[in-house]
Amino acid sequence: MQKYRRLRYSSLAAAGVAAAFLVSGCTMEDAICSNGEYPVKAVGGTTGSACVPDDEEPARGYVRYPKGKVPEHVDDKWDKYWSTVVVDENGNVTKD
């Protein structure tokens, strides 16, 4: 009887944690950047990115992503796309 009571409490706890994630809007996906930062892409290659504090401009050699095309989570649509293209110092795609 004790064994079933523990199982029931464990199930309730697991359900509670799952509900908390759903209600809070948390996700199990890895964010590209932390809160208070935005991602930038390295100029001249398919690889290379960084995170910059919201109140700062990107360092030389990095550009902002275009609005509406910013990767938010690892392996999301835009993260995958930007890993296949090269941009120039103005953020224009130069090579697919």
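Predicted model: local features only at pLDDT ≥ 70, side-chain atom pairs only at ≥ 80, totals over all residues.

Let me begin at the hairpin of β1 and β2, where six residues lie between the strands and where G44 takes a positive phi near 90°. Residues are numbered from 1 along each chain as its sequence is written, and side-chain values use heavy atoms, with hydrogens and water left out.

Strands here are DSSP runs (E, at least two residues), numbered from the N terminus, and two of them pair if DSSP finds at least two bridges between them. Strand β1, residues 37-42, runs antiparallel to β2 and is joined to it by five bridges; among the partners, V40 is bridged to A50 of β2, and K41 to S49 of that strand.

On β3, the pairing with β1 is also antiparallel, over three bridges, and here A42 stands opposite Y62.

Taken together, this gives an open sheet of three strands in the order β2-β1-β3. The edge strands, each pairing on one side only, are β2 (49-53) and β3 (62-64), and the twist averages 45° from one strand to the next (axes are lines fitted to C-alpha atoms, with angles from 0 to 180 degrees between N-to-C directions).

Why is β1 described as largely enclosed by the rest of the structure? Because five of its six residues are buried, meaning under 20% relative accessible area with a 1.4 Å probe, protein chains only.

Definitions and conventions
Helix = DSSP H or I, 4+ residues; strand = E, 2+ residues; numbered from the N terminus. Buried < 20%, exposed > 50% of the residue type's maximum accessible area, 1.4 Å probe, protein only.
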